[in-house]
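I am opening a page for this structure and will note what I look up, entry by entry.

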Amino acid sequence: MDLALLGNRALQLAIRRNLVCFPSQAPVFGKLPRRDVQWRLAVLYFIRGWSTREIARRYGLTRERCGQIISDWRVRAINMGYIQDVTPNGLEEAALEQIAADPAAFDVTDVTTFAASEFGD
């Protein structure tokens, strides 16, 4: 699956389902605007599961601007190899394609329930 085709929500779900990796140290990309906070926005959105509305309120941005900063960070992170598909031999390829096709059909609580049931937690 080409990760560049995933939107923010689909990538968030793929990360939370452990289908793609997220760097332990979120990189700062020097040419992006608001580079002092853009990595924080990415971590809050992709890892912590915050909505763009919550993040925007916290950092005094509009929801649209927050989403734009997260999207710019996502594109650069994928292009530079910080975010990669880690599914073993396409085992979860169908799941990744399903997320890419309709990310709104998945709820974050469904994802955490899936992960907990899969690993016996």
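Which residue just after α4 takes a positive phi? I looked at the backbone there, keeping in mind that this is a predicted model, and found that Gly81 has a positive phi of about 90°.

Next I checked the helix itself. Helix α4 covers residues 63-79, and at 1.5 Å a residue its 17 residues should span 24 Å, which agrees with the 24 Å that I find between its end C-alpha atoms.

I then asked which residues of α4 are buried. My list reads Cys66, Gly67, Ile69, Ile70, Trp73, Arg74, Ala77 and Ile78. They cover an arc of only 160° around the axis, so I place them on the same side of α4.

My last entry concerns the aromatic rings, where I recorded 2 aromatic pairs in the structure. In one of them, the rings of Tyr45 and Phe46 have centres 5.1 Å apart and planes at 85°, and because planes over 60 degrees apart count as edge-to-face, I wrote the pair down as such. Both of these residues, Tyr45 and Phe46, are buried. Phe46 also pairs with Trp73 in a tilted arrangement, with 6.2 Å from centre to centre and 35° between the planes. This pair links distant parts of the chain, since Phe46 sits in helix α2 (residues 35-47) and Trp73 in helix α4, 27 residues apart. Trp73 is buried, with a relative accessible area of 0%, and Phe46, at 0% relative accessibility, counts as buried too.

Note on methods:
Residues are numbered from 1 along each chain as its sequence is written. This is a predicted model: local features need pLDDT of at least 70, side-chain atom pairs count only at pLDDT 80 or more; totals for chains, interfaces and linings use all residues. Side-chain values use heavy atoms; hydrogens and water are left out. Helices (H or I, at least four residues) and strands (E, at least two) are DSSP runs, numbered from the N terminus. The expected span of a helix is 1.5 Å times one less than its number of residues. Buried means under 20% relative accessible area, exposed over 50%, partly exposed in between (1.4 Å probe, protein chains only). The arc is that of the directions from the helix axis to the C-beta atoms. Rings of Phe, Tyr and Trp (its six-membered ring) pair if their centres lie within 6.5 Å; planes under 30 degrees apart count as stacked, over 60 as edge-to-face and the rest as tilted.
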